[in-house]
Amino acid sequence: MTLQSKPWKWALLAAALSLATGCHHSKPLNTTGANANETASSNLPAPTATLTADPLAIDIGQSLVLNWRTTNATSVVIDGIGPVPVNGTQTVSPSNSTNFHLVAKGDGGSTEANVRVTVRVPKPPSAADENANGSEDKTDEVTFHQNVKDVFFDYDSFDLRPDAQQAALSAARYLAAHPAIKVLIGGYCDDRGSAEYNITLGENRANAARTALISAGVPASRIRVVSYGKERQFCTEENETCWQENRRAQFNIDR
Amino acid sequence: MSFPLAAQFRLSVLTAAALCLPFFPHLNAQDFGVTITKGVPIRIAVADFKPESADPATSGYKHTFDTTLFADLNAAGIFDIVSKGLIPQSSPGNQSEMNLAQWAAPPANAAMVAFGNLSAQNGRLIVNGFLDDAKNTQFPQVFVKQYSEEASDDQARQIAHRFADEIIARLGGGGVGIAETKIYYVKIGGQNKEIWEMDYDGANQHALTHLGTVSLSPRISPDNSRLAFSALGREGFQIKMFSLLLNRMVNFPAAGGTNLSPAWAPNGNQIAFSSSRTGDPEIWTADANGSIARRITSFRGPDVSPVYNPKTGAQIAWISGRTGLPQLYIMDSDGSGVQRMTDGGYATSPSWSPNGQFLAFAWDRKYGPGAPGGQDIYVMEITSKRWIQLTHDIGRCDFPSWSPDGRHIVFANTPDGKAAHTRIMTMLADGTQKRALTGSGADMPNWSWK
């Protein structure tokens with residue numbers, strides 16, 4: 001899974017960043033008070049530092065952006081990342097709630113900044129734990145559809161509604177707990193309009209659902225997309241209820 | 001923050017719409033028209049052919065031949081055809097039996113007369129067809145033609161088509177006849193759809209594919225050798241190729257995503273189609289065996305239903321949903337020079353006229369939830385963007401396709417809007433002479449190039 005691959009990625013990143021910041025250290029220091037102690041020397045201003053994260057809370061698998069700004073600093077280090085430029089941003093995807101700690105050192109002393117990032121880790125459904133070894137097809141099917149719900153679209157639209165975004169998150173949680181399950185997303189359209197255009201519209205709908213799952217942390221390799229346009233209708237009545245039933249991205253276990 | 005942006009966008013859309021309005025005036029059919037005939041239509045009489053054999057099957061062939069020939073000349077749209085009730089009660093079998101004065105006089109008043117004889121012997125059907133100029137008393141014969149085929153009802157019909165095409169070629173102002181052309185279409189059978197073929201007049205309907213899935217959008221190659229279409233498989237819709245020379249499927253490479261709505265370039269070496277292999281459905285081109293594919297559009301949203309300008313091959317019309325509801329666009333075939341053609345509503349299924357001047361397409365000008373609009377067939381003159389409506393109040397219409405002589409348009413129609421009731425209809429390109437070619441369960445017609 002992606003989460004397990006993170007620590008070594010960070011190590012690589014840290015190595016790369018320390019190479020990049022090497023030039024800062026080699027820069028000749030022509031200032032007089034060169035003691036970088038906790039106590040600032042008399043005539044040099046102390047460094048300042050801010051560290052923010054956006055967003056402050058994520059679901060597991062999502063990423064966030066760290067943003068830091070310092071003044072009067074010659075070296076800046078973030079725990080877990082390593083030496084970094086004096087000002088910068090960094091996209092990270094922590095697997096646990098993390099306290100990011102920044103230390104900025106300059107000729108006038110040193111200062112610290114912190115930001116706490118919360119990572120929401122879903123509790124795997126206990127039912128799934130019980131028969132994890134049994135992995136009965138029927139149970140899979142039932143729990144799959146309980147957790148991975150079809151998403152519905154507005155008329156002639158392939159933008160995910162807010163309720164669909166929520167559905168994608170809970171679907172992603174379920175899929176994270178069932179790594180063996182692959183997903184088939186079918187794109188569907190209502191009966192109105194023209195057949196060829198509706199197939200491409202269905203493709204856009206299925207892809208919107210796919211993108212939501214991927215950004216919620218489901219690997220792209222587990223998702224297959226097929227657009228059916230208006231060729232496989234759920235119902236055929238000519239009213240808004242039925243049209244809405246047909247305007248959907250439908251999730252199935254891909255066997 | 002987001003509200004003023006949205007408002008600004010909305011304003012710019014409204015402004016654009018307002019600016020566009022003068023270019024899309026409402027038009028009456030008189031303002032511009034698709035020329036079906038040049039000048040006064042030629043008055044032509046068609047004699048019943050004379051049976052010249054005792055074979056009992058002859059009368060059956062004769063009936064098929066006579067009705068097919070009359071229907072072909074009537075459908076051509078360039079003749080004032082003398083009704084059967086006004087012609088002399090004689091069946092001249094050859095030139096010496098022809099009394100032209102009788103045909104040129106009232107009530108027939110024919111300018112041209114088609115006649116001849118038909119016989120069945122030793123399993124062969126032999127037809128001699130004559131065309132006379134009734135006003136030229138000295139040298140009346142325009143041409144005479146002999147046809148010899150295996151004796152069958154189907155061949156009686158085909159010979160009538162060929163004779164009709166010969167007459168149309170001589171009298172039609174240089175235009176070719178269409179009586180030998182074919183129409184490819186989708187036959188609906190329960191959950192599945194197969195590709196079928198029929199003669200231009202609706203006769204001889206038969207299946208080409210037996211894939212047991214949903215096959216859509218048949219497009220015949222300009223040389224009638226191959227049929228491109230798309231079919232639903234495990235990986236979604238993919239472009240498929242059927243060889244009419246081999247009467248079987250031939251290989252066409254599959255690609256990622258949904259691939260559909262192929263269209264042939266007039267040189268037969270290139271196809272354009274919609275593909276989502278890079279995520280969003282875009283228009284792609286490739287050579288006719290599917291290699292050297294390249295993308296020529298990049299707009300977020302559906303791009304589908306391309307069709308080449310059959311006159312030049314240098315332009316493509318297609319449908320794009322990049323601003324919301326699908327609209328008709330044209331561009332150069334390398335993707336440059338994009339021009340929007342429709343000013344709103346829901347436009348789909350373009351077909352480019354053989355002379356390159358017109359686009360036929362399906363348009364619901366008042367599309368939307370609860371809107372009273374209907375989907376009808378329209379023809380737009382490309383240079384002026386002026387349009388005329390060809391169908392009115394006959395239910396939902398879609399998938400127009402031009403005949404190779406540019407005088408006819410075949411289209412799909414469902415009187416009650418139900419997909420299963422879709423049938424194929426034909427009409428002259430000015431909207432007159434509408435008639436059904438099939439019963440329920442036929443959709444997406446595509447007229448052959450010749």
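Trainee: Over which residues of chain A does pLDDT stay under 50, starting with the stretch that has 43 contacts beyond four places in sequence?
Mentor: Residues 1-41 of chain A. This is a predicted model. In that stretch pLDDT stays under 50, and the model has 43 contacts there beyond four places in sequence.

Trainee: And which stretch has nine such contacts?
Mentor: Residues 125-134 of chain A. There too pLDDT stays under 50. The model gives this stretch nine contacts beyond four places in sequence.

Trainee: OK, what does chain A average for pLDDT?
Mentor: The average is 78. Of the residues in chain A, 76% score at least 70.

Trainee: How is chain A divided into domains?
Mentor: Domain 1 covers 3-120 and domain 2 covers 126-253.

Trainee: How many residues of those two domains are in contact?
Mentor: Four residues of domain 1 of chain A are in contact with four residues of domain 2 of chain A. On the domain 1 side, one is nonpolar, two are polar and one is charged.

Trainee: Switching to chain B. What does its domain assignment give?
Mentor: Domain 1 is 42-171 and domain 2 is 182-447. Taken over C-alpha atoms, the centres of these two domains of chain B are 37 Å apart.

Trainee: How many residues are in contact between domain 1 and domain 2 of chain B?
Mentor: Five residues of domain 1 of chain B are in contact with six residues of domain 2 of chain B. Helix 2 (58-75) and helix 4 (153-171) of chain B each supply at least two residues of the domain 1 side. By class, that side has two nonpolar, one polar and two charged residues.

Trainee: Now the two chains together. How many residues are in contact there?
Mentor: On chain B, 34 residues are in contact with 18 residues of chain A. Several strands of chain B each give at least two residues to that side, including strand 10 (215-220), strand 12 (236-243) and strand 14 (259-264).

Trainee: How many bridges join strand 18 and strand 19?
Mentor: Four bridges, in the antiparallel sense, with strand 19 of chain B running over residues 315-320. B:Val307 stands opposite B:Ala317 in strand 19.

Trainee: Back to strand 14 of chain B. How many of its residues are buried?
Mentor: Six of its six residues are buried. Strand 14 runs antiparallel to strand 15 (residues 270-275) of chain B, joined by four bridges. B:Trp264 has B:Ile271 as its bridge partner in strand 15.

Trainee: What do strand 14 and strand 15 form?
Mentor: A hairpin, with five residues between the strands. B:Gly268 in the turn has a positive phi of about 75 degrees.

Trainee: Which residue other than glycine has a positive phi near 65 degrees?
Mentor: B:Asn204 is one of them. This residue is in the loop between strand 8 (192-199) and strand 9 (206-207) of chain B. B:Asn224 also has a positive phi, about 65 degrees, and is not a glycine. B:Asn224 lies in the loop between strand 10 and strand 11 (226-233) of chain B.

Trainee: Why does B:Asn204 count as partly exposed?
Mentor: Because B:Asn204 has 13 C-beta neighbours inside 10 Å.

Trainee: Last topic. Where is the cis peptide bond to A:Pro55?
Mentor: The bond runs from A:Asp54 to A:Pro55, with omega near -5 degrees. A:Pro55 is in the loop between strand 1 (48-54) and strand 2 (57-59) of chain A. In chain B, a cis peptide bond joins B:Pro106 and B:Pro107, with omega about 5 degrees.

How values were computed
Residues are numbered from 1 along each chain as its sequence is written. Chains are lettered from A and ligands numbered from 1 in the order in which they are written. This is a predicted model: local features need pLDDT of at least 70, side-chain atom pairs count only at pLDDT 80 or more; totals for chains, interfaces and linings use all residues. pLDDT is the predictor's confidence in each residue, from 0 to 100. Two residues are in contact if their C-beta atoms, placed from the backbone, lie within 7 Å. Domain bounds come from an automatic or database domain assignment. Ala, Val, Leu, Ile, Met, Phe, Trp, Tyr, Cys and Pro count as nonpolar, Asp, Glu, Lys and Arg as charged, and the others, Gly among them, as polar. Two strands pair if DSSP finds at least two bridges between them. A residue is buried if 20 or more other C-beta atoms lie within 10 Å of its own, exposed if 12 or fewer, and partly exposed in between; C-beta atoms are placed from the backbone.
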